[in-house]
Amino acid sequence: MSVAIKVESLSKKYIIQHEKKSAHYETLSDSFIQSGKKFINGISHPFSRSKSEEQAQEEFWALKDINFEIMQGDKVGIIGRNGAGKSTLLKILSRITDPTSGKIHINGRIASLLEVGTGFHPELTGRENIYLNGAILGMGRKEIKAKFDEIVDFAEVEKFLDTPVKRYSSGMYVRLAFAVAAHLDPEILIVDEVLAVGDMQFQKKCLGKMEEVSNQGRTVLFVSHNMAMISNLCKKGVMLNAGQLEFQGQISEAILHYYQQQNEQSARVGKLFESDNAVLIRGELIGLSAASDISIHDELIVRMLYKIKKSIAGKCVPNFHFSTSSGTTVFVSSAEGVTKMSPGQYVADCKIPGHLLNEGAYFVGLALTTYLDSGSFEVEFFDQNALTFNVIDPMDERSNRYGYAGIVPGVVRPKLVWNIHQDIK
Amino acid sequence: MTKQHQFQFTIEAGKSERHYWMDLWRYRELFYILAWRDVAVRYKQTVIGLLWAIIRPLLTMVIFVIVFGKIAKLPSEGVPYPIYVFSAMLPWTFFSSAFADASNSLISNANLISKVYFPRLIIPAASVMVAMVDFIISFVILLILMAWYQYWPSWNLLALPLFLILGFFAALGSGLFVASLNVKYRDFRYVVPFIVQLGLYISPVGFSSSVVPEQYQSFYYLNPMVAVIDGFRWVISGGSTAFNSTELNISVIVVSIICVIGVLQFRRMEKTFADVI
């Protein structure tokens with residue numbers, strides 16, 4: 001496999017002008033006034049540099065010294081919080097804006113989809129807009145002609161082909177726009193958060209199309225805030241944080257980093273999970289090898305420290321909720337044999353055996369539920385993404401891989417009892 | 001899959017020059033389609049559609065004939081006054097609308113610029129094509145007008161494309177310059193109509209350039225449209241109106257300078273368009 005995109009110490013700087021927050025552009029009069037001020041300042045204080053000028057302009061590094069490589073055929077999810085630099089990165093890769101420093105080598109025809117329906121003109125008909133939008137996205141007229149019926153079919157707008165798109169419903173508009181984009185034929189496809197359009201059925205269709213595209217051996221770069229969608233579509237991930245590359249590797253790990261960072265920065269810190277009866281003190285993971293990694297062979301202990309504040313009529317049962325990075329619940333486990341507890345501090349340990357969860361990132365939700373004798377129950381607290389860990393496969397002989405180094409599908413990967421014998425009849 | 005090796009390239013800070021002109025050629029279909037879009041959109045949802053392209057110059061001509069021909073009684077060098085005015089109106093209308101369209105083209109296509117890559121030069125160039133289509137329609141009217149007055153053209157007509165090209169580059173060059181500044185300084189939105197209005201009076205549309213006092217003539221020729229308009233009139237009238245090689249030479253030089261400055265300025269600012277628009 002050869003390299004499709006190679007990014008070398010890429011940086012992008014924006015100059016923020018504090019005086020004109022409302023508009024990007026300036027007017028000449030502003031410039032005149034500014035230079036007038038400078039001039040007057042220059043006369044009255046000939047040896048001091050004008051202070052207002054320094055304060056008015058501030059450098060902002062949207063991207064700082066980014067390095068990564070993307071192989072041909074990789075599906076890469078680019079994740080990060082708002083303002084992390086994802087869009088700037090895509091804009092530079094799409095050549096819309098120039099980097100301030102650094103290099104990018106691109107090997108292959110590149111098409112980018114930063115918005116659906118770029119250049120759609122409301123006065124033009126659906127048919128005309130297909131040609132217009134296609135050309136804007138880099139398709140030749142012959143190419144569009146060849147795919148025209150397919151596009152119309154996909155968008156389901158046959159009846160309205162000769163109606164100006166300003167009369168389209170918003171759904172039709174978006175479907176047509178996506179249909180054109182979906183039939184692009186580049187070797188490298190860059191997609192910004194554009195799949196979240198249309199109704200559920202159409203979204204499914206779009207996702208299907210995206211998968212189809214990515215299964216044809218194309219390189220796909222995909223930005224989204226929808227982690228479930230990203231982990232479905234992408235195998236690899238790049239995580240940006242405040243303009244810097246924080247992580248590059250498997251998508252599940254990238255998502256894990258993303259959530260960890262979010263947990264750190266969100267209001268969760270200092271937030272108390274408590275009720276009148278009980279309070280969560282903290283959760284711990286015991287058995288992690290490094291950072292948040294745990295070998296697939298090793299057992300992991302999930303520990304919850306909590307306090308029961310007063311005597312309760314029911315049984316307080318700790319329960320842990322395990323889910324994948326894409327949000328699918330793997331299982332929920334409740335403590336067994338719990339009896340009524342007196343007030344005090346408790347520790348609940350739950351042992352997760354090795355060879356249960358497959359490789360990837362997981363989240364643990366910590367909860368305490370009171371079951372009353374009457375049969376009703378009450379949730380005392382539930383910290384949904386309290387803990388995260390990442391199961392890795394050391395790829396040794398116990399991994400049962402026979403030399404295979406790829407991804408083993410599935411959420412769980414239990415070691416089961418096999419029995420093979422020669423069938424003698 | 002063997003094709004992809006043609007598409008190796010490098011994005012480097014401040015180094016997009018190398019493949020720019022090649023890209024311009026690669027994106028020629030986008031140029032056609034944007035030009036077609038601008039023409040198509042212009043007359044959509046208008047009741048009389050393309051007739052507007054005929055009515056506007058025709059009405060202006062009637063007013064000029066009345067004001068300058070009948071009231072001010074300016075000389076028309078032996079040519080029927082309507083033809084005299086119309087043959088000058090043609091290049092002037094072409095220039096003014098091409099210049100105005102090109103100047104505003106980047107702003108009106110801001111969404112394209114911030115979302116898709118292509119050589120930005122395509123946008124103003126395509127917008128000039130609308131003026132070109134209008135010009136062709138008006139030219140047909142001129143031919144009808146000439147037939148009406150039984151005024152037959154001479155072989156001079158063959159030189160017409162030359163003056164059209166000169167006018168084209170005058171409009172594109174100055175349009176590029178203003179368009180790129182317009183992205184950053186929106187003041188130019190107000191400057192453009194003013195230039196166009198003023199230009200009509202300082203160009204020899206309603207009168208002959210020979211009415212300008214001799215000592216000011218070479219200064220007057222610095223307006224590149226003087227030679228284009230005089231040239232058009234000379235072509236249509238079959239050589240009976242004033243036209244000399246000095247004004248042509250000055251005009252060609254001025255237009256070349258405008259074009260070079262326009263392109264340089266445009267290319268210099270182009271990289272920041274997406275960031276400031």
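Author: Across all chains, the structure holds 23 salt bridges. The model is a predicted one.

Start with chain A. The side chains of K309(A) and E274(A) meet in a salt bridge, 2.5 Å from N to O. This pair links distant parts of the chain, 35 residues apart. K309(A) sits in the loop between β12 (300–308) and β13 (315–324) of chain A. E274(A) sits in the loop between α9 (251–265) and β10 (278–286) of chain A. How covered are the two partners? K309(A) is partly exposed, with a relative accessible area of 37%. E274(A) is partly exposed too, at 39%.

Chain A also has a network of salt bridges. It links E359(A), D393(A), R401(A) and R413(A).

Now chain B. D134(B) forms a salt bridge with R42(B), and their closest N and O atoms are 3.1 Å apart. D134(B) lies in helix α6 of chain B, while R42(B) lies in helix α2 (residues 28–42) of chain B, so the pair ties together parts that are 92 residues apart in sequence. D134(B) is buried, with a relative accessible area of 7%. R42(B) is partly exposed, at 27%.

D38(B) forms a salt bridge with R37(B), with 3.1 Å between the closest N and O atoms. R37(B) is buried, with a relative accessible area of 6%.

Go back to helix α6, which spans residues 122–148 of chain B. P124(B) lies in this helix. P124(B) is buried, with a relative accessible area of 0%. What does P124(B) touch? Leaving out residues up to four places away in sequence, P124(B) touches A102(B), S105(B), L106(B), L172(B), L176(B) and F266(B). P124(B) and S180(B) are 56 residues apart in sequence, yet their C-alpha atoms are 9.8 Å apart in space.

Next comes helix α7 of chain B, residues 160–184. Its axis and that of helix α8 (residues 188–202) of chain B come within 9 Å and cross at roughly 150°. That makes α7(B) roughly antiparallel to α8(B). Which residues meet there? V178(B), L181(B) and N182(B) in α7(B) meet F188(B), R189(B) and V192(B) in α8(B).

Chain B also has a nonpolar patch on its surface. V62(B), I63(B), I66(B), V67(B) and I71(B) form this patch, with about 440 Å² of accessible area together. I71(B) lies in helix α3 of chain B, residues 51–71. I71(B) is exposed, with a relative accessible area of 65%.

Chain A has its own α3, covering residues 86–93. This helix is mostly covered, with six of its eight residues buried. The buried residues are K86(A), T88(A), L89(A), L90(A), I92(A) and L93(A). Just after α3(A), R95(A) takes a positive phi of about 70°.

Last, chain A as a whole. Its secondary structure comes to nine helices and 17 strands. Of its 425 residues, 46% are buried. Among contacts in chain A with a separation of 6 or more, 73% join residues 24 or more positions apart. Chain A exposes about 21,600 Å², and carbon and sulfur atoms supply 52% of that area.

Definitions and conventions: Residues are numbered from 1 along each chain as its sequence is written. Chains are lettered from A and ligands numbered from 1 in the order in which they are written. This is a predicted model: local features need pLDDT of at least 70, side-chain atom pairs count only at pLDDT 80 or more; totals for chains, interfaces and linings use all residues. Side-chain values use heavy atoms; hydrogens and water are left out. Patches are made of residues with over 30% relative accessible area and no salt bridge: like charges are joined within 9 Å, nonpolar side chains (Val, Leu, Ile, Met, Phe, Trp, Tyr) within 5 Å. Accessible areas come from the Shrake-Rupley method with a 1.4 Å probe; for residues, only the protein chains shown count as cover. A salt bridge is a side-chain nitrogen of Lys or Arg within 4 Å of a carboxyl oxygen of Asp or Glu. Helices (H or I, at least four residues) and strands (E, at least two) are DSSP runs, numbered from the N terminus. Buried means under 20% relative accessible area, exposed over 50%, partly exposed in between (1.4 Å probe, protein chains only). Axes are lines fitted to C-alpha atoms, for helices over the stretch in contact, and angles run from 0 to 180 degrees between N-to-C directions. Angles under 35 degrees count as roughly parallel, over 145 as roughly antiparallel, 65 to 115 as roughly perpendicular and the rest as oblique. Contact means heavy atoms within 4.5 Å.
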